[in-house]
Structures are given as C-alpha cells and as structure tokens.
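Colleague: Could you walk me through this one before I set anything up? I'd like to talk about charged pairs, then a helix, then the strands.

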Amino acid sequence: MTCPQCQQAELVAGRENHLYLESGLNNVTLRDITVRRCPHCGASFASIPRVSELHRAIALALVHKPERLIPAEIRFLRKHLGWSGADFARKFHCSPSQISRWERDINPTPMSNAYELLLRTLVAQGEKIEDYQDRMEDIATINEVRPAVLAMIHEQSHWRLAA
C-alpha cells in the first residue's frame, strides 16, 4: 500500500504500541498492534481491529477505575453512550452548560458523586451490576481526580485492559 500522505513509498507494517489519541483520551495505549509506517515521510497508520469492542472495553475500564472521572473521561463515556451534550443534559435533568463545565479541560466543574455514579451505572449496563456495585460506594467518597492510565491489548479477537 502506498503512503496516502506523500504518495512516495510503500508502507512498512510492524507491531508496536500506539497512543490512542483518536479516542479523545490522552492516556490510552494500544499494545502490540499493527502500525504501518512510511519510510519516506514518517507518517504512521494504526490498524485497530474491532473499534466498537475496544471502546466498550475502555468504557468499562473507566467505570471500574477507583478515582473520580476527569473531564475527558466524562466526554468519552457520554459519546460511548451515543449522546450529544444536549441528550446528556436532558437525560440528567441539567443544562447543556452544566455538561460543558463537566467536560471542559480548562477550569472544569467537578461532576457530583451522584451524577458520576449514575453515569458509571448507565455505561456498565449489560454487565452484572454485582461485579462493580461494591466499588461504587468507595468511589463516591474519593475526592481525588486524576486520569486513568490505560493500556489496552487485542488478543484472541477481543480487547481487554492489559495488566
């Protein structure tokens, strides 16, 4: 395959880790995936299998993290649910400007514990609630806000959180 950016060279495939910025999160690494690089211009193109499944795995990892959600994680979970900001506001019975403040990276307004627990629960639907319910009470008492450092790995046709 010829490089789509420079049209000068054939792409060379290799296995490597890829910082998955396309997710809107700057803390997700996909481990040992196929990445094609152009030897002429240096452009790289990651081959990401089963993106929907990957996004579900990331969403569940965020639901399970013991710290409070950061703005980018709230935005990722909202988008994972398929909601616009207006949809989110309507479903949470608050204003779109409140959603914007929760998701803003500059001077964010922290999401209340109750709203965060509701968001985590909505995302986790489809998984047995008993698996994470005990941790929700602990999470509600934590005031520390920091990003989760996630390393995702694709093996045997599915994505999972790497150890």
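**Charged pairs, a helix and strands**

Modeller: Arg146 and Glu144 form a salt bridge, with their closest N and O atoms 3.0 Å apart, and please keep in mind that this is a predicted model.

Colleague: How accessible are Arg146 and Glu144?

Modeller: Arg146 counts as partly exposed because its relative accessibility is 40%, and Glu144, at 44% relative accessibility, counts as partly exposed too. Salt bridges that share partners also join Glu67, Glu144 and Arg146 into one network.

Colleague: How many salt bridges are there by this rule?

Modeller: The count comes to twelve salt bridges, among them one between the side chains of Glu73 and Lys65, at 2.6 Å from N to O.

Colleague: Are Glu73 and Lys65 buried or exposed?

Modeller: Both Glu73 and Lys65 are buried.

Colleague: And what about Asp105, which residue does its side chain meet in a salt bridge?

Modeller: The side chain of Asp105 meets that of Arg75, at 3.4 Å from N to O. This pair links distant parts of the chain, since Asp105 lies in the loop between α4 (96-103) and α5 while Arg75 belongs to helix α2 (residues 71-80), 30 residues apart. Asp105 is exposed because its relative accessible area is 55%, where the cut-off for exposed is over 50%.

Colleague: Switching to helices, what span should α5 have, and what does the model give?

Modeller: Helix α5 covers residues 113-124, and at 1.5 Å a residue its twelve residues should span 16 Å, which agrees with the 16 Å between its end C-alpha atoms.

Colleague: Which residues of α5 are buried?

Modeller: The buried residues of α5 are Glu116, Leu119, Arg120, Val123 and Ala124. Seen down the axis of α5, these buried residues fall within an arc of 130°, so they line one face of the helix.

Colleague: Why would residues three or four places apart point the same way?

Modeller: That follows from the geometry of an α-helix, which has 3.6 residues a turn, so residues three or four places apart point the same way.

Colleague: Last topic, strands: which way do β2 and β4 run, parallel or antiparallel?

Modeller: Strand β2 (residues 28-37) and strand β4 (residues 150-155) run parallel and are joined by four bridges, with Val28 standing opposite Leu150 in β4.

Colleague: And how does β4 pair with β5?

Modeller: Four bridges join β4 to strand β5 (residues 158-161), and these two run antiparallel, with Met152 opposite Leu161 in β5. The hairpin of β4 and β5 has two residues between the strands, and there Gln156 takes a positive phi near 50°.

Methods. Residues numbered from 1 in each chain as written. Predicted model: local features only at pLDDT ≥ 70, side-chain atom pairs only at ≥ 80, totals over all residues. Heavy atoms only, no water. Expected span 1.5 Å × (residues − 1). Buried < 20%, exposed > 50% of the residue type's maximum accessible area, 1.4 Å probe, protein only. Arc of directions from axis to C-beta. Salt bridge = Lys/Arg side-chain N within 4 Å of Asp/Glu carboxyl O. Pairing = 2+ DSSP bridges.
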